[in-house]
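Try each task before reading its solution.

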Amino acid sequence: MSIGLPIAAAAPVIPKFGHASECVVANHQFCGSWFVDNFSSRFLPPLLVHIELTAIAVGVGLPISFAAALLARHYHWFETGFSLFAAFLYTWPALAFFVIMVQITGINRFTAEIALVSYTLLILFRNILTGLQGVPPDAVEAARAMGYTQRQTLLRVELPLALPPIVAGIRIATVTIISVATVAAYIGAGGLGSLIFDAIGTGFKTEFIGAGGLAVLLALAADGLLVGLQRAMTPWARRSIAR
Amino acid sequence: MHALIQFFGDNAHLLLSKTGEHMELSLASIGVAMALSIPLGVWLGHLHRGSFVAINVSNIGRALPSLAVISLGIAFLGIGFTNTMVALVILAGPVMLTNAYVAVSEVDADAVQAARAMGMHPWQVLLRVELPLATPLLFAGIRTGTVYVIATATLATFAGGGGLGDIIANEASYGVAGVVAASITIAALAFAVDGLLALLQRLITPSPLRHRADSTRTAASVTDLSLGAS
């Protein structure tokens with residue numbers, strides 16, 4: 001099975017996009033009008049796929065990491081075991097991880113999601129566990145003394161107090177996944193990376209800048225949005241926001 | 001497993017030459033990134049100025065998708081070594097800058113004041129008090145950036161930059177054994193360079209501070225050696 005792609009062609013081969021303007025034919029640095037004309041048909045769908053890939057990866061990684069962190073609080077061996085497992089997954093260069101996973105689950109979105117979820121685990125697990133371990137024991141004791149059950153203590157006392165590091169972890173995981181998801185296009189996952197690989201095949205500069213620029217903007221927007229969320233959700237911690 | 005060992009045996013020459021390319025690109029990028037970001041970070045930290053920019057630049061650096069930066073690089077600089085090197089410098093420089101800034105600006109103010117009171121020139125304060133005390137954090141930034149560069153240099157293959165990514169992105173020719181062998185080589189390179197930097201850090205840290213340097217290291221060890229985020 002071949003999934004090899006050619007490296008960027010030396011001479012630009014301009015793809016057929018209907019009527020080609022002079023700018024597109026000459027492959028100038030950035031053809032603004034072509035980008036605007038083709039945004040909704042060519043750039044918007046991969047952008048939405050990219051957001052979806054990221055949201056699913058973080059959405060699946062979060063409950064797994066949370067469950068693992070709760071287990072790790074009770075069983076010390078599990079903390080070591082899961083940390084090693086997650087670190088092992090995280091240590092593979094993304095490109096190699098994708099290529100190896102393809103052998104097991106084939107070239108599709110599902111394969112990409114497995115790899116993307118794997119990359120969230122180490123970051124989310126460590127941050128959730130750090131957050132829960134950082135809750136002052138006095139607060140927990142007070143809640144128990146007031147008659148809170150273990151579940152109520154977790155949901156109403158520990159979780160809110162652990163939010164800053166948890167949201168910080170979600171933020172790091174999200175921007176990491178946005179980055180790794182561009183590489184996932186290599187195994188047919190779609191997203192903005194597919195346009196970049198497309199441009200590597202054709203040498204079309206507007207597509208390089210359009211897709212690369214959108215990926216950068218998406219990452220910065222997601223980062224900014226999560227910083228805002230972090231502040232809004234933890235009004236008491238504004239002075240000591242975890243990095 | 002057998003195929004993997006056989007690949008290492010049969011393709012030792014290929015692996016060696018690709019490793020050479022990989023390291024050439026990585027070391028050039030790390031060198032340029034250090035030359036640009038460390039002096040700036042140290043100087044800003046010494047003056048206690050520009051903290052907002054110096055601290056937030058690494059958040060932006062971390063958020064930048066590596067393949068997207070390489071993609072922009074291809075459009076502006078064409079394919080090849082230079083484009084990939086510039087992309088890697090943009091990706092690794094910020095974390096080095098932030099760590100250098102924080103390392104120097106957070107040096108115990110009492111120590112700096114004592115040095116000034118003893119009549120030290122600002123340059124002497126920087127070179128003989130602030131920098132030695134800043135070594136652990138400064139090196140943490142260099143090491144994080146270095147591991148990141150070695151891992152991300154894999155993507156150079158898409159921009160004609162060569163390196164071990166050429167093997168990983170060509171599973172059709174080299175097989176899964178080749179992909180795994182190249183990945184193991186990248187991980188080994190990252191560990192080896194990180195180890196060398198740890199040794200260098202130990203050598204230039206004044207002996208009374210060595211214990212502290214070691215403890216900083218263990219706190220950051222797992223995330224420092226994370227190649228995945230490339």
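The exercises below concern a predicted model.

**Exercise 1. Confidence in chain A**

Find the average pLDDT of chain A, and say which helices have the lowest and the highest mean.

Solution. 
- Start with the whole chain. Chain A averages a pLDDT of 86. A score of at least 70 is reached by 89% of the residues.
- Now go element by element. Helix α1 (residues 22-25) of chain A has the lowest mean pLDDT, 80. Helix α6 (residues 137-145) of chain A has the highest, 93.

**Exercise 2. The make-up of chain B**

Describe the secondary structure, dimensions and burial of chain B.

Solution. 
- Count the elements. Chain B has 10 helices and 0 strands. Its pattern along the sequence is α-α-α-α-α-α-α-α-α-α.
- Take the dimensions. Along the principal axes, the C-alpha atoms of chain B fill a box of roughly 65 × 40 × 25 Å.
- Check burial. Of the 230 residues in chain B, 49% are buried.
- Look at sequence separation. Take the contacts in chain B between residues at least 6 apart in sequence: 79% of them join residues at least 24 apart.

**Exercise 3. The nonpolar core**

Identify the residues with the most contacts inside the largest nonpolar core, then trace the partners of A:Leu116.

Solution. 
- The largest nonpolar core has 128 residues. Those with the most contacts inside it are A:Leu95, A:Phe98, A:Leu116, A:Phe125, A:Ala184 and B:Ala92.
- Set aside neighbours of A:Leu116 within four places in sequence. A:Leu116 is then in contact with A:Leu53, A:Ala57, A:Ile177, A:Val180, A:Ala181 and A:Ala184.

**Exercise 4. Where the chains meet**

Say how many residues each chain gives to the contact, and which element of chain B gives the largest share.

Solution. 
- Chain B gives 41 residues and chain A gives 40 residues.
- On the side of chain B, the elements giving two or more residues are α3 (51-63), α4 (66-77), α8 (165-168) and α9 (171-204). The largest share, 9 residues, comes from α9(B).
- By class, that side has 27 nonpolar, 12 polar and 2 charged residues.

**Exercise 5. One residue in detail**

Decide how exposed A:Met233 is, and find its partners.

Solution. 
- Locate A:Met233: it lies in helix α9 (residues 205-233) of chain A.
- A:Met233 has 13 C-beta neighbours inside 10 Å, so it counts as partly exposed.
- Beyond its neighbours within four places in sequence, A:Met233 is in contact with A:Leu163 and A:Val167.
- A:Pro164 is 69 residues from A:Met233 in sequence, yet their C-alpha atoms are 8.4 Å apart.

Note on methods. Residues numbered from 1 in each chain as written. Chains lettered and ligands numbered in written order. Predicted model: local features only at pLDDT ≥ 70, side-chain atom pairs only at ≥ 80, totals over all residues. Contact = placed C-beta atoms within 7 Å. Helix = DSSP H or I, 4+ residues; strand = E, 2+ residues; numbered from the N terminus. Nonpolar A, V, L, I, M, F, W, Y, C, P; charged D, E, K, R; others polar. Core = buried A, V, L, I, M, F, W, Y, C linked by C-beta atoms within 7 Å. Buried ≥ 20, exposed ≤ 12 C-beta atoms within 10 Å, placed from the backbone. pLDDT = per-residue confidence, 0-100.
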